Amino acid sequence: MERQKSMEKGLLRKSLSIRERKFPNEEAFLETGLSRKSPREITKKAQNDDGECRVTATVFFSTFVAVSGSFCTGCGAGFSSGAQSGITKDLSLSVAEYSMFGSILTLGGLIGAIFSGKVADVLGRKRTMLFCEAFCVTGWLAVALAQDALWLDCGRLLLGIGVGLFSYVIPVYIAEIAPKHVRGSFVFANQLMQNCGIALFFIIGNFLPWRLLAIVGFVPCVLHVFCLFFIPESPRWLAKKGRDKECRSALQRLRGSDVDISREANTIRDTIEMSEVDGETKMAELFQRRYAYPLLIGVGLMFLQQLSGSSGVTYYASSLFQKGGFPSAIGTSVIATIMVPKAMLGTIIVDKLGRRTLLMASCTAMGLSALLLSVSYGFQSFGILPDLTPILTCIGVLGHIVAFAMGMGGLPWIIMAEIFPMNVKVSAGTLVTVTNWLFGWMITYTFNFMLEWNASGMFFIFSMVSAFSIVFIYFLVPETKGRSLEEIQALLSNSVQ
């Protein structure tokens with residue numbers, strides 16, 4: 001019976017496609033059926049098409065407010081590098097204790113990621129971001145007021161939970177509100193703002209004491225809470241919850257008051273109805289053949305992103321500079337100066353070059369930078385060219401962080417937000433996000449130990465992971481540039497069939 005229904009749907013789609021080619025002025029998603037259009041109606045349809053591609057002030061503002069949460073994430077990531085010397089001195093922490101403090105952000109992120117999909121589905125995208133900030137605000141205050149390692153770790157853990165929730169909901173929200181021709185750039189702004197937060201803390205961490213640095217991290221969280229009250233909820237989430245009137249209202253607000261949004265609203269509704277024929281998919285049901293391809297892409301990219309060593313290099317940049325004999329204050333300031341313009345460049349070109357090209361270019365540069373660091377620390381261990389080691393270390397760390405910011409940092413999150421249908425977005429998005437934070441915690445916790453054990457060998461492994469990432473992307477990751485979310489999901493579904 002199910003197979004018969006599937007065949008009927010396929011025939012219906014085919015007939016609609018044929019009819020659209022024969023009668024291009026007709027609209028496939030009208031509730032009232034197919035009919036010939038008058039010239040006035042044709043003009044209205046053209047305006048509707050333009051509306052779907054229009055970038056309004058509301059879309060800009062909503063995206064900016066959403067990615068402000070990523071700025072808070074960047075502040076948390078950059079804090080451990082700038083505050084390392086001050087915290088270890090004031091609280092007398094060992095290498096193991098500070099490694100726990102640095103890595104516990106990713107452990108908190110893992111906890112937040114486990115519940116991220118469900119929370120975003122129950123509360124909605126907008127209220128979930130408010131929920132995230134409750135953890136972030138409390139976490140920053142606990143770190144600023146900490147008198148021992150326990151309170152320090154508790155604050156960092158709470159901050160990590162908020163960051164873990166943010167890592168799922170922000171790219172999903174932006175992907176669901178942005179027009180398809182700028183969706184990649186707008187979601188990549190997530191990575192841009194994260195880099196802004198890291199850069200800020202890399203610079204001011206050289207001058208401010210660590211408690212004041214934590215207060216600085218607290219301020220943007222409070223501002224973010226205030227701004228969230230002025231943006232609309234995701235129309236796709238509202239449609240999924242059966243709130244059609246609110247969905248159309250939010251969509252009208254995003255596309256402009258003079259735009260006919262009926263076609264886009266009907267497309268969203270029809271796609272959600274089709275995806276929910278089998279009901280909400282649970283985690284155990286994800287591992288079916290029809291979801292295998294998008295799941296492999298999402299989990300694979302997150303797995304490779306973390307095993308490239310990106311989190312460790314960012315969190316402990318100052319330690320890498322010190323080990324290589326390069327002044328850490330100068331090194332972190334140089335990184336901060338360059339990484340934001342590079343992320344801005346990535347934001348501009350992601351919808352021009354495409355996801356695949358930028359991902360492979362990013363992995364290539366990361367692999368070469370990791371190989372350079374491997375050679376640098378190898379020379380140092382054998383006492384070869386000691387004057388050259390600081391320069392190679394600076395170039396390697398700088399190249400790795402900048403290359404990550406341009407592609408591999410943000411693009412896996414863009415692709416995650418694009419490839420999963422609404423009925424599996426909760427469970428699949430949760431699994432992908434958990435994968436990212438689980439391996440991120442493993443890397444950040446073991447990074448300092450591996451650095452002391454064999455820095456050259458560690459970075460050689462990271463370079464090999466980046467090389468494998470290029471092969472993975474070339475053969476498995478499709479290009480999603482310029483396609484609507486519904487078109488991408490249909491493409492992946494057809495690939496599996």
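F326 is buried, with a relative accessible area of 19%, where buried means under 20%, exposed means over 50% and partly exposed lies in between, judged with a 1.4 Å probe and protein chains only. F321 is also buried, at 0% relative accessible area. This is a predicted model, in which local features need pLDDT of at least 70 and side-chain atom pairs count only at pLDDT 80 or more, while totals for chains, interfaces and linings use all residues. Residues are numbered from 1 along each chain as its sequence is written, and side-chain values use heavy atoms, leaving out hydrogens and water.

**Aromatic pairs**

- A search of the whole structure finds 19 aromatic pairs; rings of Phe, Tyr and Trp (its six-membered ring) pair if their centres lie within 6.5 Å, and the planes count as stacked under 30 degrees apart, edge-to-face over 60 and tilted for the rest.
- F321 and F326 form a tilted pair, with 5.7 Å centre to centre and 45° between the planes.
- A cluster linked by ring pairs consists of Y315, Y316, Y377, F447, F459 and F462.

**Nonpolar cores**

- The largest nonpolar core has 126 residues, and F79, I87 and F459 touch the most other members. A nonpolar core is a set of buried Ala, Val, Leu, Ile, Met, Phe, Trp, Tyr and Cys residues joined through side-chain atoms within 4.5 Å.
- Helix 19 (residues 422-476) gives the most to this core, with 15 residues. Helices (H or I, at least four residues) and strands (E, at least two) are DSSP runs, numbered from the N terminus.
- Another core lies apart from it and has 12 residues, including L238, A239, A250 and V259.
- Which residues does I87 contact, leaving aside its neighbours within four places in sequence? They are F79, S92, L93, Y98, F101, L152 and W210, where contact means heavy atoms within 4.5 Å.

**W441 in helix 19**

- W441 is located in helix 19 and is partly exposed, with a relative accessibility of 25%.
- Residues up to four places away in sequence aside, W441 touches S103, T106 and L107.
- The C-alpha atoms of W441 and G102 are 9.3 Å apart, although 339 residues separate the two along the chain.

**A nonpolar surface patch**

- L141, L145, L212, I215, V219 and L223 make a nonpolar surface patch of about 530 Å².
- Patches are made of residues with over 30% relative accessible area and no salt bridge, with like charges joined within 9 Å and nonpolar side chains (Val, Leu, Ile, Met, Phe, Trp, Tyr) within 5 Å. A salt bridge is a side-chain nitrogen of Lys or Arg within 4 Å of a carboxyl oxygen of Asp or Glu.
- Helix 5 (125-145) and helix 8 (210-228) each supply at least two residues of the patch, and helix 8 gives the most, with 4 residues.
- L212 is found in helix 8 and is partly exposed, at 41% relative accessible area.

**Positive phi angles in loops**

- S92 is not a glycine, yet has a positive phi of about 55°.
- S92 is in the loop between helix 3 (57-90) and helix 4 (95-123), and counts as exposed at 59% relative accessibility.
- L385, another residue other than glycine, has a positive phi near 45°.
- L385 is in the loop between helix 16 (355-382) and helix 17 (389-408), and counts as partly exposed at 46% relative accessibility.

Definitions and conventions
Accessible areas come from the Shrake-Rupley method with a 1.4 Å probe; for residues, only the protein chains shown count as cover.
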